[in-house]
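Please keep the sequence and the structure in view while reading.

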Amino acid sequence: MERYDLGILTKKIYDSDISFFTIKTIRDILEIKKESTFFAIMNRLVESELFIKIEKGKYLLSNNNISDFTLANLIYQPSYISFEAALSFYGILSQFPYEISSASVKKTIRKVFEGKIFTYNHIKKDLFWGYEKKNNELIALPEKALLDQLYIAANGYKRIDLDEYDLDRINIVRLREYLSKYPKTRQFNSIIGKARSYVKL
């Protein structure tokens, strides 16, 4: 096996100014072509506690300052923060959710990392919009987060109690515009009908 200085390799990692890594990212930074050598070095870097392993092929720099929302975006891609997490962020939902919830076009999944729960609910590709980048985090706009919550609740995957929501923070014009883009299923129309007693749709 070729010999590599662990100190030099560690410096390369820190100099990259990245906190979240995939195997490919690390390989590109370290420029180690031989697979057996690369994985031997990876094991040493993990053992030295330079990296925290999130799951297979995904690592976090030990002294990272990455936010939970950014991490949620990175763990499962493509995804954006939505549902209770986004509604709480905007102050629409006063309760702080026990999980960091996101929308994704991939299958619904739940992940746990360092005691934190990250949930991803599947939405159709044609509903994967209405988010923006805030501080390197992809998060739904308030109106989209609310409609995502109503849509998933209509399908029986989440509960929603609109008495707990401060809907004065919602932009009604944008809400109506976004609502027009949602499929008008019987279940969704039913829950929207109930929502009309709380907000003018």
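Where do Lys11 and Asp15 lie, and how many residues apart are they? Both belong to helix α1 (residues 6-15), four residues apart, which is about one turn of the helix. In this predicted model, a salt bridge joins Lys11 to Asp15, with the closest N and O atoms 2.7 Å apart. Lys11 counts as exposed at 51% relative accessibility, and Asp15 counts as exposed at 52%.

Helix α6 (residues 142-154) holds another pair, Lys144 and Asp148, four residues apart and separated by about one helical turn. Their salt bridge has its closest N and O atoms 2.7 Å apart. Lys144 is buried, at 0% relative accessibility, and Asp148 is buried too, at 1%. Salt bridges with shared partners also join Glu55, Lys58 and Lys111 into one network.

Lys116 and Asp68 meet through their side chains at 2.9 Å, N to O; Lys116 is in strand β7 (residues 116-122) and Asp68 in helix α4 (residues 68-75), 48 residues apart. Lys116 is partly exposed at 38%, as is Asp68 at 28%. The count of salt bridges comes to 14.

Next come the strands. β8 (residues 131-134) and β9 (residues 137-140) pair in the antiparallel sense over four bridges, with Lys134 opposite Glu137. The two strands form a hairpin with two residues between them, and Asn135 in the turn has a positive phi of about 50°.

Finally, Glu84 sits in helix α5 (residues 83-89). Glu84 counts as buried because its relative accessible area is 17%, under the 20% limit. Beyond its neighbours within four places in sequence, Glu84 contacts Leu93, Pro97, Ser101, Gln149 and Lys158.

Conventions:
Residues numbered from 1 in each chain as written. Predicted model: local features only at pLDDT ≥ 70, side-chain atom pairs only at ≥ 80, totals over all residues. Heavy atoms only, no water. Buried < 20%, exposed > 50% of the residue type's maximum accessible area, 1.4 Å probe, protein only. Contact = heavy atoms within 4.5 Å. Pairing = 2+ DSSP bridges. Salt bridge = Lys/Arg side-chain N within 4 Å of Asp/Glu carboxyl O.
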